[in-house]
Amino acid sequence: METNTCRICGSNKLMKGLKITDFGHGNVKKDLSIYIPTTDRAFFNKFERGTINAQVCGSCGNMELSIANFRELWEAYNK
Ligand SMILES: [Zn+2]
């Protein structure tokens, strides 16, 4: 799926491996991620987390998202 040209405009000005960051109180940075709980307890639940990687086109602004540890997320999703 990873390509060197933009799927929309064909430009090669791609910015890869970017993180989608939320600036919280006091500009505390938090990378957005996918969260899948794998246990259903009241406390200390186990979970699988996948940080979202973004690729942005520097010509048209198209953005595509991907996850590095998609296999682990798929396993957690099926539990
Ligand atoms: Zn583009």
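Me: What makes the site of the zinc ion tetrahedral?

Reply: The angles among its four donor atoms are 108 to 112°. The model is a predicted one, in which local features need pLDDT of at least 70, side-chain atom pairs count only at pLDDT 80 or more, and totals for chains, interfaces and linings use all residues. Residues are numbered from 1 along each chain as its sequence is written, and side-chain values use heavy atoms, with hydrogens and water left out.

Me: Which atoms coordinate the zinc ion, and at what distances?

Reply: The SG atoms of Cys6, Cys9, Cys57 and Cys60 lie at 2.3 to 2.4 Å from the zinc ion. Donors are N, O and S atoms within 2.8 Å of the metal (3.2 Å for Na, K and Ca), and sites may look incomplete because water is not among the atoms. The four SG atoms therefore count as donors. Their residues follow the spacing C-x2-C-x47-C-x2-C in sequence. Cys6, in the segment before strand 1 (14-19), and Cys60, in the loop between strand 5 (47-57) and strand 6 (63-67), are 54 residues apart and link distant parts of the chain. Strands here are DSSP runs (E, at least two residues), as are helices (H or I, at least four), numbered from the N terminus.

Me: Why is Cys6 called buried, and how is Cys60 classed?

Reply: Buried means under 20% relative accessible area, exposed over 50%, and partly exposed in between (1.4 Å probe, protein chains only). Cys6 has a value of 6%, so it is buried. Cys60 has 40%, so it is partly exposed.

Me: Why is the contact between Arg7 and Glu64 called a salt bridge?

Reply: The term requires a side-chain nitrogen of Lys or Arg within 4 Å of a carboxyl oxygen of Asp or Glu. The closest N and O atoms of Arg7 and Glu64 are 2.6 Å apart, so the pair qualifies. Arg7 in the segment before strand 1 and Glu64 in strand 6 are 57 residues apart, and the pair links distant parts of the chain. A search of the whole structure finds one salt bridge. Arg7 counts as exposed because its relative accessibility is 63%, whereas Glu64, at 25%, counts as partly exposed.

Me: How many cavities of 30 Å³ or more does the search find, and which residues line the largest cavity?

Reply: One is found. A cavity is a set of points, on a 1 Å grid over the protein atoms alone, where a 1.4 Å probe fits but cannot get out; lining residues have an atom within 4 Å of a point. The volume of the largest cavity is about 50 Å³. Its lining includes Cys6, Cys57, Arg7 and Glu64. Strand 5 provides the largest share of that lining, three residues.

Terms used: Tetrahedral: all angles 85-135°; square planar, octahedral: opposite > 155°, others 65-115°. 1 Å grid on protein atoms, 1.4 Å probe; cavity = no way out; pocket = protein on both sides within 12 Å on 5 of 7 lines; lining within 4 Å. Points joined across faces, edges and corners; volume = space filled by probe spheres on them.
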